[in-house]
Amino acid sequence: DAKRLQEHNAPQVLTLPAVRSPRRAVPALVHGLRSDDDAVVKAALKVVEEARMRDALPDVRTVAESRKPLLTPMAAHCLGIMRDRESLALLVDLLESARDHPTRDAAAVALRQISGRIYGFDVPRWREYLRERQVAER
């Protein structure tokens, strides 16, 4: 795990002894995801994604909501890789409102990864899918 952090040039905050145990690493990674330093957030996103640390998903969603052009696509990608169903509505919102192509692309891919549906950039169709899911879950 420490080697993986070094490969991603992770700042020292993410190389605490806790990385020997993924569960123990979550607090350090959450701290990294909440950092004001984009490089720290980027490194934390990579580690969370590679280690599949589901406990950090709420903070990954917060990064996606931040709408930072360099971080939001990475966070959307992470949500897709981890198949985070709780982020479906957020990803549709990103698909609809993002003006940059990397964010829109990442949101569309993540939606497909999570749902198994291929609606591309068709926001009305994604909204319909979300409504159908809500009805089915009742």
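Two residues are taken to be in contact when heavy atoms of each lie within 4.5 Å. On this basis, Lys 42, Leu 45, Lys 46, Val 48 and Glu 49 of helix α3 meet Met 74, Ala 75, His 77, Cys 78 and Ile 81 of helix α5. By residue type, the contact of α3 with α5 comprises six nonpolar, one polar and three charged residues. The structure described here is a predicted model.

Two packed helices are described by the angle between their axes and the distance between the axes. For α3, which spans residues 38–51, and α5, the angle is about 10° and the axes are 10 Å apart. Because angles under 35 degrees count as roughly parallel, α3 is roughly parallel to α5.

The overall architecture of the protein chain is helical, with eight helices and zero strands. Along the sequence, the chain accordingly reads α-α-α-α-α-α-α-α. Of the 138 residues in the protein chain, 45% are buried. Among contacts with a separation of 6 or more, 55% are between residues 24 or more positions apart.

In soluble globular proteins, nonpolar side chains tend to be buried together. In the present model, the largest nonpolar core has 40 residues. The residues with the most contacts inside this core are Leu 33, Leu 45, Val 48, Val 60 and Leu 91. Two or more residues each are given to the core by α2 (22–33), α3, α4, α5, α6, α7 and α8. Leu 45 and Val 48 also belong to the set of α3 residues that meet α5.

Helix α5 is largely enclosed by the rest of the structure, because eight of its 10 residues are buried. These buried positions are Thr 72, Pro 73, Met 74, Ala 75, Ala 76, Cys 78, Leu 79 and Gly 80. They pack against α3, α4, α6 and α7. Met 74, Ala 75 and Cys 78, which are among the buried residues of α5, also take part in the contact with α3.

Helix α6 comprises residues 88–97, and its buried residues are Leu 88, Leu 90, Leu 91, Val 92, Leu 94 and Leu 95. Their packing partners are α4 (57–65), α5 (72–81), α7 (101–115) and α8 (123–137). Leu 91, one of the core residues with the most contacts, is in contact with Ala 76, Leu 79, Ala 107, Ala 110, Leu 111 and Ile 114, neighbours within four places in sequence being left aside.

In helix α4, the buried residues are Leu 57, Asp 59, Val 60, Arg 61, Val 63 and Ala 64. Val 60 is also one of the residues with the most contacts inside the largest nonpolar core. Asp 59 has a relative accessibility of 12%; because buried means under 20% relative accessible area, Asp 59 counts as buried. The side chain of Asp 59 is joined to that of Arg 34 by a polar contact of 2.7 Å. With neighbours within four places in sequence left aside, Asp 59 is in contact with Val 30, Leu 33 and Arg 34. Leu 33, in turn, is among the residues with the most contacts inside the core. Thr 62 is also placed in α4 but is partly exposed, with a relative accessible area of 46%. Thr 62 and Arg 34 are separated by 28 residues in sequence, and their C-alpha atoms are 8.6 Å apart in space.

Positive phi values occur at several arginine residues. Arg 52, in the loop between α3 and α4, has a phi near 55°, a positive value in a residue other than glycine. With a relative accessible area of 45%, Arg 52 is partly exposed. Just after α4, Arg 67 takes a positive phi of about 60°. Arg 83 lies in the loop between α5 and α6 and, although not a glycine, has a positive phi of about 50°. At 48% relative accessibility, Arg 83 counts as partly exposed.

Conventions: Residues numbered from 1 in each chain as written. Predicted model: local features only at pLDDT ≥ 70, side-chain atom pairs only at ≥ 80, totals over all residues. Heavy atoms only, no water. Buried < 20%, exposed > 50% of the residue type's maximum accessible area, 1.4 Å probe, protein only. Helix = DSSP H or I, 4+ residues; strand = E, 2+ residues; numbered from the N terminus. Axes fitted to C-alpha atoms, helices over the stretch in contact; angles between N-to-C directions. Parallel < 35°, antiparallel > 145°, perpendicular 65-115°, else oblique. Nonpolar A, V, L, I, M, F, W, Y, C, P; charged D, E, K, R; others polar. Polar contact = N/O pair within 3.5 Å; in protein donor to acceptor, adjacent residues only side chain to side chain. Core = buried A, V, L, I, M, F, W, Y, C linked by side-chain atoms within 4.5 Å.
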